[in-house]
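Please look over the model below before reading the comments. The points are meant to be checked against the coordinates.

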Amino acid sequence: MTSAGSLRHRVVVGGRLARTWRPTGTQLRALLRSTITSYIALGIALYILPGEQSSGPIPVLVLVVLVATIGLLLRPLLLALAVLLGSFGLLLVGILSQAIILGVAIAISPDIELASTAQVILVSWSAAIVAALVNWLFDAGSEDSFLAQLLGRAVRVARRQRRAGNLAGHGTLIIQLDGVGETVLRQAMTAGAMPTLSTWLRGGTHTLRGWHTGLPATTPAGQSVLLYGDTTQIPSFRWYEKQSARLMVANHPRDAAELELRLNHGQGLLADGGVSISNLFSGGAATTLLTMSDARLPPRTTRGFASFATTAGGLLHSMVVFVGVVITEIYQGRRQRRRRVEPRVRRGWLFALLRAVTTALLRDLNVALVTEQIARGAPAIYVDFLDYDEVAHHAGPSRPESIRILDGLDRLLRFFADVVVATGHEYSLVVVSDHGQAQGATFDQLSGGPLHGLVDALCDSPEIETQEADAVGADSAPAERWGPANLLLTGVARSSSMAGRAVSRSSASSATAADSPDGAVSRADNQVTLGEGKAAKSAKSESDRGEAAAPTGVVVAASGSLAHLYLADHPGIASSEEIHGRYPRLVDGLAQCPQIGVVLLRPSSAPDDTDVLALGAGGWRRVHSDATTSGGDGDDPLSVYGPSAAADVVALFAREHVGDLVLLGRFDPSTGEVVAFEELVGSHGGLGGGQTEAVFIHPSDWDLPLDAALSGRQVYEALLAHVPRSGDDAANTFAPRSEIASRSEIASR
C-alpha cells in the first residue's frame with residue numbers, strides 16, 4: 001500500500017471509530033472519579049505548603065484541568081526523552097515527570113504560584129501520595145486506577161497494531177503463582193478469596209489439576225521442567241559442585257546464567273517468539289524481561305517499562321504502595337508477636353523492605369510488561385509472580401496475610417482476562433505453580449542452633465574444620481528472599497548509566513567491608529549479590545578467579561526443608577562406608593536428631609549401584625532404582641512422607657550434584673508441619689505438608705489424563721502442545737476471540 005493509500009486508510013478507520021465511539025458509564029465514572037481525586041490531592045498538597053498559593057477552590061479546579069491536558073500533550077514527549085536516556089533515564093523521568101507537568105501547568109495558571117522548583121516537586125509528590133490514599137479509601141487498595149491506565153493504553157496499542165497490519169494469532173498467557181500449593185488454592189477459593197479462578201472453574205472454561213513436583217520442590221527445579229522439560233540438572237535451590245569447588249545459588253544472576261546454558265537444548269517452551277517476564281530462566285524466549293539468567297533492566301525500547309516509569313499511575317503509584325507495604329508488614333509482624341502465634345519467625349525491617357520490593361515495585365512492573373505484550377499480541381508469555389511465596393515464607397502458608405496476597409493475585413487474573421477481551425486478541429489463559437509450601441518451626445528454633453553447627457559437632461575432628469556453604473547464612477539467611485533485589489540491582493549495575501556505575505562501585509566496596517550475613521554484598525561481572533555469608537562469598541570469589549584451594553571439610557547447603565551435605569574433597573558421591581570411615585559419628589548422629597526425618601546416602605561406591613539408604617531414628621530401608629524397598633530394620637523412615645516418597649528419592653539421586661548426604665526435615669502428619677533448615681516458617685524443598693503438590697489450571701478443552709496427578713514433564717508437554725509454534729497457521733492471521741477468551745468476560749463481572 002502506498003503512503004497516500006495508508007494515510008487515506010487511517011483517516012477512514014479513524015472516522016469510523018469516531019462515529020461509533022460512545023462513552024460508557026464506566027468511562028464517565030472513571031473520569032469523574034479521577035477529577036475528584038486530583039482535586040482533593042492537589043488541594044491538600046497546596047494547603048500543606050507555608051504561605052498562600054491559591055485564592056480559592058476554583059483556581060485549584062482549573063489547575064486540575066490544566067494538569068490533565070498538559071499531561072496528555074507532554075507525556076509522549078517525556079516518554080520519547082526517557083527512551084533516549086536509557087533505563088536509568090526512564091526512572092529519572094518517571095520520578096520528575098509529574099513535577100514537570102505540574103510546573104508547566106502552574107506557569108500557565110494565572111491564580112496559582114509556587115516560589116521554587118523544590119516546592120513544585122514537593123507538591124507533585126504530595127499530590128501523588130494523597131491520590132493514592134484517596135484511591136485506597138475508594139477501593140480498599142490503590143491499584144484500580146493503575147490497572148485502568150494500563151488497560152486503556154493496551155487498547156490503544158492493540159488498535160495501532162491492527163491499523164498497521166500487525167495482526168496477531170492465537171496466543172498463550174501462562175501465569176505462575178509462585179509457591180501456591182493445591183490445598184491452599186482450593187481452600188482460598190472455598191473461602192471466597194479467589195473469585196476469578198472460582199468463576200473460571202464453575203463456568204467450565206478451565207480445569208484445575210494438581211501436579212507432583214517430587215524432589216526438590218523448589219522454583220529452580222520447577223521452572224527447569226516447566227520451561228525446558230528438564231529433570232536432571234538442578235538438585236536444590238543451592239548446592240555445591242565439587243569439580244569447581246563452587247556453591248551454586250539459583251537466584252544469583254551469574255549462576256542462573258550458567259544454569260540457563262545447561263538447560264537450553266532447543267526445547268525451550270518459549271523458543272518461538274515467546275516472552276519471559278520475571279523468571280529464573282528464559283525458556284528460550286526471544287524477549288527476556290527481568291529474567292534472572294539475563295539480569296538486566298528492560299531495554300529502552302520496551303514501551304511497557306517506559307510507560308510504567310513515566311505515567312502518574314506507574315512508578316509513583318508503586319513507590320507509594322511500597323511505603324504502604326512496609327508499614328503493613330511491620331504491623332502484621334507485631335500482631336503475630338502480640339498474639340503469640342506459633343510457629344513464627346522474626347519479621348523485621350529488612351524483610352519488610354524486601355517484601356515491598358517484591359509485592360509492590362516488581363509486581364506492578366510485571367503487570368505493566370505483561371499488559372504491553374498482550375496488547376502487541378506476543379504468541380506466548382510466561383510470567384512469575386513471587387508475591388505469595390515471599391509472604392508465606394515468613395508469615396505461614398495459610399495465615400491471613402498470605403491468603404490476602406492470593407486475593408490480590410486473583411484480581412490480577414481478572415485484569416489480564418479483561419485485557420485479552422478489550423484488545424480483541426485470542427489467548428488461552430493458563431495458571432501454574434512451581435511447588436507448594438509447608439508450615440513448621442525451624443531447626444534452629446527446635447534444636448537451639450543451626451544445622452551446620454550440629455554437623456560441625458558430629459565431625460569434631462580437631463584437624464578438620466567444617467566448611468559451611470554460605471557460613472551462617474546457609475541456615476539463618478534464606479537465599480530466596482534476596483532474589484528480586486539482586487535482579488533489580490544487577491540490572492542497574494549492568495546498565496551504562498551513571499547510576500549503574502555508582503551501584504557497581506558501591507557493591508564492590510561493600511563486598512570488602514560487609515561482615516553480617518544479611519548485609520553481605522558480593523560483586524562479579526557487575527553482578528550484585530546481597531545476602532551471602534562472608535565465608536561463602538570468599539570461597540566463591542576465589543574459585544571464580546581459579547585461586548580457591550579445595551575445602552577439606554563438610555559443605556552444608558540448606559534449602560528449606562531439604563539439605564545437601566558434601567565431603568568437599570572426596571571425588572564423586574561418597575558411600576556410607578566412606579563417610580563412616582571419615583566421620584564415624586556423623587551419619588548416626590544426624591539420623592538420631594529429632595528434627596531430621598530421614599538421612600539419605602549411597603550404600604556402596606560401586607558405579608552400577610544406584611540404590612539409596614534411607615535412615616531414621618526408628619529404622620532404615622534400602623530403596624532400589626525401581627522405587628521399591630527391601631531389607632532394613634525397624635520402621636521405614638520414608639513411610640510418613642507418603643506413597644510417592646521412595647520414587648521421589650530415586651529421582652533426586654538421579655540428578656546432577658546431589659549431596660553425599662541428603663537430609664529431609666522431620667514431618668509430623670498429625671499437624672502437617674515440617675521442620676525447615678532455614679529460618680522460614682513456610683518452607684519447601686523437601687517432602688511433607690503439601691510442598692510437592694503444585695497446581696495447573698488450563699482450558700477445559702485441553703486433552704490431558706484425568707486419572708492421577710500429573711508429573712512436571714506432563715505439564716511441560718501439555719504447555720508445549722498448546723504454545724504457538726513457528727509455521728502454525730494461527731500465527732499468521734488475526735483470529736477472532738476464542739470461546740475461552742470470550743468466557744473470560746464472566747470473570748470480569
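The numbered points below go from the whole chain to single residues.

1. Basis. This is a predicted model, in which local features need pLDDT of at least 70 and side-chain atom pairs count only at pLDDT 80 or more, while totals for chains, interfaces and linings use all residues. Residues are numbered from 1 along each chain as its sequence is written, and side-chain values use heavy atoms, with hydrogens and water left out.

2. Overall content. The protein has 25 helices and 24 strands; helices (H or I, at least four residues) and strands (E, at least two) are DSSP runs, numbered from the N terminus. Of its 749 residues, 57% are buried. Buried means under 20% relative accessible area, exposed means over 50%, and partly exposed lies in between (1.4 Å probe, protein chains only).

3. Contacts and surface. Among contacts with a separation of 6 or more, 72% are between residues 24 or more positions apart; a contact means heavy atoms within 4.5 Å. Accessible areas come from the Shrake-Rupley method with a 1.4 Å probe, and for residues only the protein chains shown count as cover.

4. Helix α6. Which residues of α6 (residues 182-190) are buried? They are Glu-182, Val-184, Leu-185, Ala-188 and Met-189. These residues lie on the same side of α6 because they cover an arc of only 165 degrees around the axis, the arc being that of the directions from the helix axis to the C-beta atoms. An α-helix has 3.6 residues a turn, so residues three or four places apart point the same way. Thr-183 and Thr-190 are exposed on the other side of α6.

5. Surroundings of α6. Its buried residues pack against α7 (195-203), β2, α13 (387-395), α14 (400-423) and β23 (693-699). In α7, the buried residues include Thr-196, Leu-197, Ser-198 and Trp-200. Gly-204 follows α7, and its phi is positive, near 85 degrees.

6. Nonpolar surface patch. Ile-36, Tyr-39, Ile-40, Ile-44, Leu-61 and Val-65 form a nonpolar patch with about 450 Å² of accessible area together. Patches are made of residues with over 30% relative accessible area and no salt bridge, joining like charges within 9 Å and nonpolar side chains (Val, Leu, Ile, Met, Phe, Trp, Tyr) within 5 Å. A salt bridge here is a side-chain nitrogen of Lys or Arg within 4 Å of a carboxyl oxygen of Asp or Glu. Both α2 (25-47) and α3 (57-108) supply at least two residues, and α2 gives the most, with 4. Ile-40 lies in α2 and is partly exposed, at 33% relative accessible area.

7. Cis peptide bonds. Most residues other than glycine have a negative phi, and most peptide bonds are trans. The bond joining Leu-215 and Pro-216 is cis, with omega about 0 degrees; Pro-216 sits in the loop between β2 (206-212) and α8 (219-228). The bond from Glu-342 to Pro-343 is also cis, with omega near -10 degrees, and Pro-343 belongs to the loop between α11 (315-339) and α12 (349-376).

8. Ala-627 has a positive phi, near 70 degrees. This residue is in the loop between β17 (619-623) and β18 (629-634) and counts as partly exposed, at 27% relative accessibility. His-657 has a positive phi near 60 degrees, in the loop between α23 (645-653) and β19 (661-665).
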